[in-house]
Amino acid sequence: MSDLDRLKKFGVIKKFNEGEYIFYEGEEGKEMYIILSGKVEMHKNSLEDYPVKIADFGPGDFFGEMALIGTGTRFALAIAKENTIALTIEKDNFLAFIVQEPDMALRIMQSLCQTIKDLTEELLKYQEGTRGLSIAEVVDNAETGELKIEAVEKIAETEELPTQETVPVSSHFFPPGHKIYGRIAPLTDREYLRENKITCPICQQEFTAQVVRTPKLRISKVELDFRKRYQNFEALWYAIWICPHCSYADFAAEFERIPPKVKKLLQKNQGALKVDVPISFSNPRTIDEAFTSYYLALHAAELGKAESFKFAKLWLRLSWLYQDVSDSEMFAYAAKQALDYYYQAYYQQSKVNLTAEQEQQICLILGELYLINNDKEMAVKHFYAAINRTNGNSVLNRQAQDRIYALKKSADFEEQEN
């Protein structure tokens, strides 16, 4: 009996087309996979909605087993990068599989040992800047797999963070119509945050930043413009880091990965980059500080001559914040800015580096932004452009089709009413 015939009694063989999603981050894991042919990549979503590749697998490799051993939840998504054939083993057969296949059991144990070694190094890296963080939470934070160790004692007692007085940034950073909104984050936000020492890539000075423990987040809803709503936490308030020494601000995920050309420009313009008042975040944070962080990031993007996509992302998130405070005028203003920059980025800049799925997402966002600007014709045009049945994501295809159907149905209803 061949090895494949022996393994087949534990599961079934499945085929995945190139670009097909095998499972999604956050969903329940019910099976593991052994790749017979093809290639699979694992990606972790960042707070800025850009997936980050964390692993890739080829023939003979396995993945997805951590969800069967640990919490049962997928902490990353898996996508077939080429036509792939895999043997899937469901949770009910997993125990029999590792008992009767000791070689595979040994490989799984070796994989777990390597993961624990990596996590130990991660723990040592963050121990100095982390207060009250358990090993379980460090495991949860590592984007190296789905393993989670339960019931481990705290490294240190949780300490209260000092409250700081926030100094507002000069008013010229804000557009006309911007207000002080006065909302304060709930104290429960601390459960989703940790501190980490960061070295600013511009001025090379060190500061402490609050890092979101992304594995602790649970998505409650993904809106049509791809805004992620999390249970009991608003990630938008913490997505931007600001260096208190030189005022450089950017998305946390991109803060230290600044392109050399942009870095050179910002270092040359440090005098213009730095604001005329100290920057600090209070504890708990306020939404006005969140607004300040985004506008400082826009200021840095202007000085660094960033690409249009950077401005588009920042303005889209500003529109979400204005929507949250029910400022319809500023919401419309920010949404129009986002529309203009997404349009410029998509149509006037190179699309060479965009995947089919990224193009679908941008077209869907453009469609939603055109709707906000009351241009249904352009919205429908971009929803049609988002449909890519050859290389696109089937979920995004369906979303685009649903939006077209809803708009056409609404138009028919309006005609009947008239």
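A residue is buried when its relative accessible area is under 20%. That cut-off applies to every view of this predicted model.

**Figure 1. Overview of the predicted protein.** The protein has 418 residues, and 49% of them count as buried. Its secondary structure comprises 13 helices and 14 strands. Consider the contacts between residues at least 6 apart in sequence. Of these, 70% join residues at least 24 apart. The close-ups below take the strands, then the helix pairs, then the loops.

**Figure 2. Strand 10 and its partner, strand 9.** Strand 10 covers residues 206–212 and is mostly covered. Five of its seven residues are buried, each with under 20% relative accessible area. Strand 9 covers residues 193–199 and runs antiparallel to strand 10. Seven bridges join the two strands. Glu-195 faces Gln-210 of strand 10 across the pair. Together the strands form a hairpin, with six residues between them. Gln-204 sits in that turn and has a positive phi of about 65°. In a regular strand, side chains alternate between the two faces of the sheet.

**Figure 3. The pairing of strand 3 with strand 6.** Strand 3 spans residues 31–37. Two bridges join strand 3 to strand 6, and the two run antiparallel. Ile-34 has Phe-62 of strand 6 as its bridge partner.

**Figure 4. Helix 8 against helix 9.** Two packed helices are described by the angle between their axes and the distance between the axes. Helix 8 comprises residues 287–303, and helix 9 comprises residues 308–324. Their axes come within 10 Å and cross at roughly 165°. Why is the pair called roughly antiparallel? The crossing angle of roughly 165° makes helix 8 roughly antiparallel to helix 9, because angles over 145 degrees fall in that class. The crossing is left-handed. Helix 8 contributes residues including Phe-291, Tyr-294, Tyr-295 and Leu-298. Helix 9 contributes residues including Phe-311, Leu-314, Trp-315 and Leu-318. By class, the residues of this contact divide into 14 nonpolar, no polar and three charged.

**Figure 5. Helix 11 against helix 12.** Helix 11 spans 356–372, and helix 12 spans 376–385. The axes come within 8 Å and cross at roughly 170°. That makes helix 11 roughly antiparallel to helix 12. Helix 11 passes helix 12 in a left-handed crossing. Among the residues of helix 11 in the contact are Cys-363, Leu-364, Gly-367 and Tyr-370. Among those of helix 12 are Met-378, Ala-379, His-382 and Phe-383. What classes of residue make up the contact? Nine residues are nonpolar, two are polar and two are charged.

**Figure 6. The loop between helix 11 and helix 12, with Asn-374.** Most residues other than glycine have a negative phi, and most peptide bonds are trans. Asn-374 has a positive phi, near 60°. Is Asn-374 buried or exposed? Its relative accessible area is 72%, so Asn-374 is exposed.

**Figure 7. Ser-326, between helix 9 and helix 10.** Ser-326 counts as exposed because its relative accessibility is 63%, and the exposed class begins over 50%.

**Figure 8. A cis peptide bond at Pro-284.** The cis bond joins Asn-283 and Pro-284. Its omega is about 10°. Where is Pro-284? Pro-284 lies in the loop between helix 7 (270–273) and helix 8.

Key
Residues are numbered from 1 along each chain as its sequence is written. This is a predicted model: local features need pLDDT of at least 70, side-chain atom pairs count only at pLDDT 80 or more; totals for chains, interfaces and linings use all residues. Side-chain values use heavy atoms; hydrogens and water are left out. Two strands pair if DSSP finds at least two bridges between them. Helices (H or I, at least four residues) and strands (E, at least two) are DSSP runs, numbered from the N terminus. Axes are lines fitted to C-alpha atoms, for helices over the stretch in contact, and angles run from 0 to 180 degrees between N-to-C directions. Angles under 35 degrees count as roughly parallel, over 145 as roughly antiparallel, 65 to 115 as roughly perpendicular and the rest as oblique. A crossing is left-handed if the near helix is turned anticlockwise from the far one by less than a right angle, and right-handed if clockwise. Contact means heavy atoms within 4.5 Å. Ala, Val, Leu, Ile, Met, Phe, Trp, Tyr, Cys and Pro count as nonpolar, Asp, Glu, Lys and Arg as charged, and the others, Gly among them, as polar. Buried means under 20% relative accessible area, exposed over 50%, partly exposed in between (1.4 Å probe, protein chains only).
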